Each structure stands twice: as structure tokens, then as C-alpha cells.
Amino acid sequence: VAEAEVIAQAQPPAQQSWPNPRLILAAAAVLGLGAGFGVAILRDSFDRGIRTAAQLRAALGVDCLGLMPLIASAGRSRRPRRRDAARNTAARSLANWPPLLRLAGTAPMSQAAEAMRRTRARIDQLPLDSAGGRVIGCVSARSGEGKSTISANLAASMARSGKRTLLIDWDLRKLSLTAALETGPLPGFIDIVTRPGDAMTDVLWQDPVTQLQFLPAGPGAPGGLPCPVDLLHTPATQALIDAVRRHYDYVVVDLPAMEAASDADSAAAMVDAVLLVVEWGRTDIDLIADCLAGTHAVLPRLMGAVLNKVELRNMRQYGDYGRARGASYAPARIGPAV
């Protein structure tokens with residue numbers, strides 16, 4: 001026994017066997033890829049935003065008429081000098097407007113201008129049963145999706161093509177286009193329909209580059225009217241639309257968002273067709289569907305949609321990159337939007 005113990009102590013201890021490092025790395029890679037795919041699938045299952053024309057058509061049954069790229073901000077935009085601003089206000093010139101609202105007219109080689117040209121071309125192909133000019137309303141499910149920006153740029157694109165174009169601010173709760181003039185209370189649509197003796201030519205503003213004409217909403221803050229929606233379905237408003245239809249080739253109307261369903265319905269009932277603005281990747285599909293289902297005048301007039309604020313760098317994985325970017329068109333970098 002003693003001899004056996006001495007022999008056992010003299011032998012070296014058995015080495016512990018470890019897994020092959022290559023196997024460990026391979027297993028880690030497989031687990032990492034699996035976790036990544038799982039997160040991606042989980043994220044897609046919860047992502048209800050619209051990113052492609054196919055998604056838009058499948059979810060809402062409408063065609064995508066254009067893809068408006070997200071405009072990079074180059075910091076604070078340069079405002080006109082006080083003397084120039086005063087002169088522009090006195091002449092009712094839209095030169096004071098933020099650059100983003102005039103981009104399709106002042107930067108014709110930009111991606112934004114190309115997107116509006118494509119949208120305009122699609123609109124011209126649509127059959128609209130109306131005498132005189134076409135009245136197009138722009139609407140969105142909720143505020144902040146950029147429908148006012150699309151309205152202004154679509155109208156600027158139409159005006160730059162040589163068509164007589166009028167832009168009207170009918171979002172009487174937000175007054176985004178009117179407030180962007182930064183002039184304080186000024187006469188506009190409200191004055192024309194409440195005081196029929198006032199001439200519309202006395203309240204119109206004009207873009208010096210495109211000759212686009214703009215009819216502001218009217219004086220005061222959005223809360224200045226007890227019930228702004230009442231003005232959107234009056235005989236005076238219908239008479240105004242009939243008059244501008246005879247004088248202009250295009251009338252583009254910035255409608256209220258559908259989250260204010262009564263406003264959007266009343267305003268949409270006055271136009272020939274409605275263009276839906278959808279914020280790319282952010283607006284929930286179910287929200288849009290619910291808003292459309294809750295309106296009576298918007299859905300029958302819905303002619304298509306524009307995807308707004310499209311992130312071009314991320315479009316390759318969704319298949320619409322080439323369509324959104326447009327060959328040989330330069331991206332724009334301007335100041336903050338309204």
C-alpha cells in the first residue's frame with residue numbers, strides 16, 4: 001500500500017481539458033446573430049410606421065404620389081434685415097417666409113423640388129371632375145407631420161411651372177403658414193368670408209420668385225374665433241372657392257389635421273381632391289386608418305399620399321431609395337422648418 005501511494009504521488013496530475021477556443025468563438029457568433037435577428041424581428045413586429053409605397057398601398061389602399069426627403073438643418077437660417085423685412089411686409093412679399101416653405105420654388109435642382117414635381121405630375125394624371133382650376137387639399141392624421149410644408153412646396157412647384165396658383169391657409173386652429181409670415185395679426189380668409197365687401201386682392205401675398213399667391217387665414221391667434229370650423233362650410237366660403245377656381249389653374253389648401261375630425265371634414269368637403277401627408281416611419285398605420293374611418297368627406301376625395309421626412313440613408317433596405325433620391329439632384333441644407 002505504501003509503495004502504491006509513493007508511485008501515485010510521483011505521477012504528474014492529469015491536465016484539465018478545455019473546449020476549443022474556436023468552438024467558443026463560433027458559438028458566440030451564432031448566439032449573437034440569433035439575438036440580433038430576434039431583436040430585429042421583435043422591432044419590426046412592434047413598428048407600425050409606414051416606410052414604403054407598398055406598405056402605404058397595402059395598409060390604406062392608396063398610392064404613394066411622392067417621397068419628400070428629410071431636409072437637414074444647417075443651423076439658424078438667416079433672416080432678412082429689419083429694413084428688408086419691413087419692405088417685404090409692406091409689399092406683402094413671401095420673401096420673408098422660412099426657406100423650407102419656398103424650397104421647391106427657389107431651389108429647383110433640389111431633391112425636395114424633384115419630389116414635388118413628381119407629385120404634381122401624378123396629380124395632373126388623375127381625373128378630376130371640376131370646372132375651371134383644380135382645388136387640392138393637403139391633410140395629415142395629426143399635427144407635426146409636415147402637411148403645411150408640403151402644401152407650400154407643392155403650390156410653389158405648380159407656380160414655378162407657369163401655372164396660376166393660389167395657396168390658402170385653412171388650418172384655423174394652428175395657422176402654421178400664416179404665423180410663418182411673422183407679421184402679427186393681418187387680414188385674410190376670415191375677413192373675406194365674414195365681410196363680403198372686402199376685396200381678396202387687398203389681402204393676397206405673393207412670392208417674388210414663383211409668383212405664387214397666398215391667402216392667409218386671417219387676424220389674431222387660433223383661439224380668437226369661438227368656433228373656426230363654422231367658417232369652413234358657409235355659403236360665403238363656397239362662393240370664394242367658386243371664384244378662385246375660375247381665376248387660378250391650381251388652388252392648394254392647407255387643411256386641418258384629421259385629429260380635429262370636424263374641421264378636416266368641413267374643409268375637405270369644399271375641395272376636389274385630398275392629398276394625405278404621412279410622416280415617414282413615425283405615423284402609426286392604425287392611427288391613420290382610424291382617422292380616415294372617422295371622416296366622411298376626406299376618404300371619398302382621397303387621391304393618394306406623400307411620404308414626408310424620408311431618411312434617404314435608410315431607404316436602401318426598404319427598396320424605394322432610388323425613387324426617393326432622384327438622379328443628379330442635390331440634397332438641401334437649410335434652416336429650421338415651421
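**Salt bridges and burial**

K309 is partly exposed, at 26% relative accessible area (buried means under 20%, exposed over 50%, partly exposed in between, with a 1.4 Å probe and protein chains only). Before you start: this is a predicted model, where local features need pLDDT of at least 70, side-chain atom pairs count only at pLDDT 80 or more, and totals for chains, interfaces and linings use all residues. Residues are numbered from 1 along each chain as its sequence is written, and side-chain values use heavy atoms, with hydrogens and water left out.

**Exercise 1.** Find which side chain K309 meets in a salt bridge, then trace the network around it.

*Solution.* Start with the criterion: a side-chain nitrogen of Lys or Arg within 4 Å of a carboxyl oxygen of Asp or Glu. K309 meets E279 at 3.6 Å, N to O. K309 sits in strand β9 and E279 in strand β8, so the pair ties together parts 30 residues apart in sequence (strands are DSSP runs of E, at least two residues, and helices runs of H or I, at least four, numbered from the N terminus). Next, E279 also bridges R142, at 3.4 Å; that pair is 137 residues apart. Finally, R142, E279, R282 and K309 are linked in a network of salt bridges.

**Exercise 2.** Decide whether E279 and R142 are buried or partly exposed.

*Solution.* E279 has 7% relative accessibility, so E279 counts as buried. R142 comes to 23%, so R142 is partly exposed.

**Exercise 3.** How many disulfides are there?

*Solution.* Look for cysteine sulfur atoms within 2.5 Å of each other. The count is zero.
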